[in-house]
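Dear colleague,

I am passing on the structure below, and after it I set out what was found. Please read the notes on conventions together with the findings.

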Number of protein chains: 2
Amino acid sequence: MKFTDYSGPFTFASRFEEGADTNPEELVGAALAGCYSMFLSALISGEELSPKSINTNATVTLAKDDIGPNITHIKLDCSVVCEDLSQEKFNELAQTAKEKCPISRLYAGGTATIELNATLV
Amino acid sequence: MKFTDYSGPFTFASRFEEGADTNPEELVGAALAGCYSMFLSALISGEELSPKSINTNATVTLAKDDIGPNITHIKLDCSVVCEDLSQEKFNELAQTAKEKCPISRLYAGGTATIELNATLV
């Protein structure tokens, strides 16, 4: 499966200042948040439960080192509403999704640490 | 600097079928293509040259292994129009941008190999 269709404006202003368009950091954050939510949803469905909602936000930190700008940290804040899902099972699945979702695996070993804050509401 | 604003629809259909919305793979491809272009632009500007155009497309390959779906390959096709830039210097800068742009560094060490096909038009 190949994907080449996405296009959208981003500029130096939207990246390093306060411009309105998007930028690469927003895109990698959105990719991880979306992928994480989909993966967690699949895992919960695998327990024969139906999550009512899964919301995940990614906060991406861009810093600078000797080589140049780099992404050092991505914080995922995820909240899930799901009847009959125990806290223990939720913790297990939330962690598994972080380890196994394709976008987590793409970023693993790179410059960013990924922090997960998952809450069963 | 922190980024949390991007939002957009993506669904199972847009990811694994032929739906019209975006998906995480498109976003990571767009992030890399955009970041690579910006970084190469900065490097060329550092040579006191002004590129007339830099176009980069990313093709993202999603495959599946024992753990699940994963991104195995990202191909960058970049074409640059720039007067007075030698082929040799272009090759050097194109390679440097691949190694040093922040999104390349985020993906380095993950599941994907990044292939660069850069052309000075």
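The crossing of α2(A) and α2(B) is left-handed, a term used when the near helix is turned anticlockwise from the far one by less than a right angle (right-handed if clockwise). This is a predicted model, in which local features need pLDDT of at least 70 and side-chain atom pairs count only at pLDDT 80 or more, whereas totals for chains, interfaces and linings use all residues. Residues are numbered from 1 along each chain as its sequence is written, chains are lettered from A and ligands numbered from 1 in the order in which they are written, and side-chain values use heavy atoms, with hydrogens and water left out.

Helix α2 spans residues 24-46 in chain A and residues 24-46 in chain B, and the two axes come within 8 Å and cross at roughly 160°; α2(A) and α2(B) are therefore roughly antiparallel, the word for angles over 145 degrees. On the α2(A) side the contact (heavy atoms within 4.5 Å) includes A:Leu27, A:Val28 and A:Cys35, and on the α2(B) side B:Leu27, B:Val28 and B:Cys35 are among the residues involved. The residues of this contact of α2(A) with α2(B) comprise 12 nonpolar, 2 polar and no charged, with Gly counted as polar and Ala, Val, Leu, Cys and Pro among the nonpolar.

Chain A has 4 helices and 4 strands, which are DSSP runs (H or I of at least four residues, and E of at least two), and from the N terminus their order is β-α-α-β-β-α-α-β. Of the 121 residues in chain A, 46% are buried, that is, under 20% relative accessible area with a 1.4 Å probe.

How values were computed. Axes fitted to C-alpha atoms, helices over the stretch in contact; angles between N-to-C directions. Parallel < 35°, antiparallel > 145°, perpendicular 65-115°, else oblique. Buried < 20%, exposed > 50% of the residue type's maximum accessible area, 1.4 Å probe, protein only.
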